[in-house]
Amino acid sequence: MARWRTHIPFIVIAFFTFLFRIYLWKKTGVAEYGDMLRYDAMAIHVVWQGYLGNGTVPDAFVTPGYPLFVAFIMKLVMILHSGGLSHQRLIHEVYLAQQFLSIVTLLLIYMLGTVMVNKLTGIVAALLSLFYLPNSFVGLMLLTEALFIPLLIATILAFVYAQKTNRKRYYALTGLLLGLTTLVRPTVLPFIVLFAALSWWPFLKAGFRGVVSWFKQFVWLIVLFIITMIPWWVRNALDFHRFIPLSTEAGNPLLAGADPYFKVPIDTLIQMSRNLHESQQTFAIHYIEQGLTHHFFFFVGWFLFGKLGYLFWQPWLYGYITLFVLYHHVVVVLGFILMFAGLFWRQLRTISFTTLALLLLQLGFLPTARYGYPIIVLWLIILAAYIVQVWHILVQRRSHA
């Protein structure tokens, strides 16, 4: 009973968060545009025609995680309502499911802060996440962030448990969750290398035996990751008679972010790739290589610094609310700085390296505020840890005064 009471502050936060997000859901209608139309069409094709694709035939243009999630919710809602819902109402019910999922995200944030540092850090991280408005509104759109963010945080949480306990089951769980996260947004695939380095380093002092001991644990991460990906690989091999490890769309966001400061429109770049009979990915790589050869500092500056403003400075959603914009700017500036500081704090090293890796990976692709949002969510957790640390320092100074 006493243990349950220690979670009361978070339970209160979660309760009011839930009420707020249900209120938002009831007040928000359905307006689809951009990528939302694609995910809607793919989910409908899965439910009604039994194939995964945006057009009239199957495709592998995007990874299947989010469209299948939406299709599952649609099918479940149709069963519960005996299929008697309009399409707009069906999408609105998907939004409701995503708002419930956002509470799971809040719980994962609380757990990650608690496991890494302490319970107060988890509570502060939950509070910061509550006041960051996009966390409340992301579930009211058909966008991958609604599923990607909880899976991302769950993956990091499982890996932190694996590091702390050195148990195979947590490495296996990390592999499973990383596979699912990759199937939603493939940019996290390189986390396998990052997790290998972060988990291998503590065993280095033990020499060969330490490396063997580490490998016996980490191999479970790799095995479960592969098992999670196999159904997608098999489906692609059967439908398209070739190996498609992730998706065929990867070249599009790469090409869209290849030209510094968008001086050349994306439609022009796509037409240039077609004229050369190259895929968008191949053309993007050649375009970047040529840029680095002839305008080295201009292109390097674009990929290292130029995209940061597009990703973070203009807040995603509700940029017209002055107080929220101020809060957003404080989070971005402090989060960016403290991410680097966290690399040297043992308890924050895993989340700091993971966040930095996610940022560097995103700098290779199209920079839009929505793609920077998962990084900001992780910054909120890092920021919470430092707020608690400063609070403890101030309390100690008062006690010694």
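The structure holds three cavities of 30 Å³ or more. The model is a predicted one, in which local features need pLDDT of at least 70 and side-chain atom pairs count only at pLDDT 80 or more, while totals for chains, interfaces and linings use all residues. Residues are numbered from 1 along each chain as its sequence is written, and side-chain values use heavy atoms, with hydrogens and water left out.

On a 1 Å grid over the protein atoms alone, a cavity is a set of points where a 1.4 Å probe fits but cannot get out, a pocket is an open set with protein on both sides within 12 Å along at least five of seven lines, and lining residues have an atom within 4 Å of a point. Points are joined across faces, edges and corners, and a volume is the space filled by probe spheres set on them. The largest cavity contains about 130 Å³ of space. It is lined by 16 residues, of which Ser 102, Thr 105, Asn 135, Val 138 and Ile 149 are the closest to its centre. Two or more lining residues come from each of α5 and α8 (145–165), and α5 gives the most, with six residues. Helices here are DSSP runs (H or I, at least four residues), numbered from the N terminus.

A nonpolar core is a set of buried Ala, Val, Leu, Ile, Met, Phe, Trp, Tyr and Cys residues joined through side-chain atoms within 4.5 Å; buried means under 20% relative accessible area, exposed over 50%, and partly exposed in between (1.4 Å probe, protein chains only). The largest core has 114 residues, and those with the most contacts inside it are Met 74, Leu 112, Phe 191 and Leu 348. Its largest share, 16 residues, is contributed by α18. Another core, of twelve residues, lies apart from it and includes Ile 270, Tyr 287, Ile 288 and Phe 303. Beyond its neighbours within four places in sequence, Leu 348 is in contact (heavy atoms within 4.5 Å) with Met 116, Val 117, Gly 342, Ile 382, Ala 385 and Tyr 386.

Helix α6 (residues 119–131) comprises 13 residues and reaches 19 Å from first to last C-alpha, close to the expected 18 Å, where the expected span is 1.5 Å times one less than the number of residues. Its buried residues include Thr 121, Ile 123, Val 124 and Leu 128. The buried residues of α6 pack against α2 (8–27), α5 (87–116), α7 (134–137), α16 (322–342) and α18 (369–400).

Gly 53, in the loop between α3 and α4 (65–80), is buried, with a relative accessible area of 0%. Not counting residues up to four places away in sequence, Gly 53 touches Ala 41, Met 42, His 45, Pro 58 and Asp 59. Arg 235, in helix α11 (residues 207–240), counts as buried because its relative accessibility is 17%. With residues up to four places away again left out, Arg 235 touches Leu 52, Pro 58, Asp 59, Ala 60 and Phe 240.

Tyr 261, a residue other than glycine, has a positive phi near 60°. Tyr 261 lies in the loop between α12 and α13 (266–275) and is partly exposed at 34% relative accessibility.
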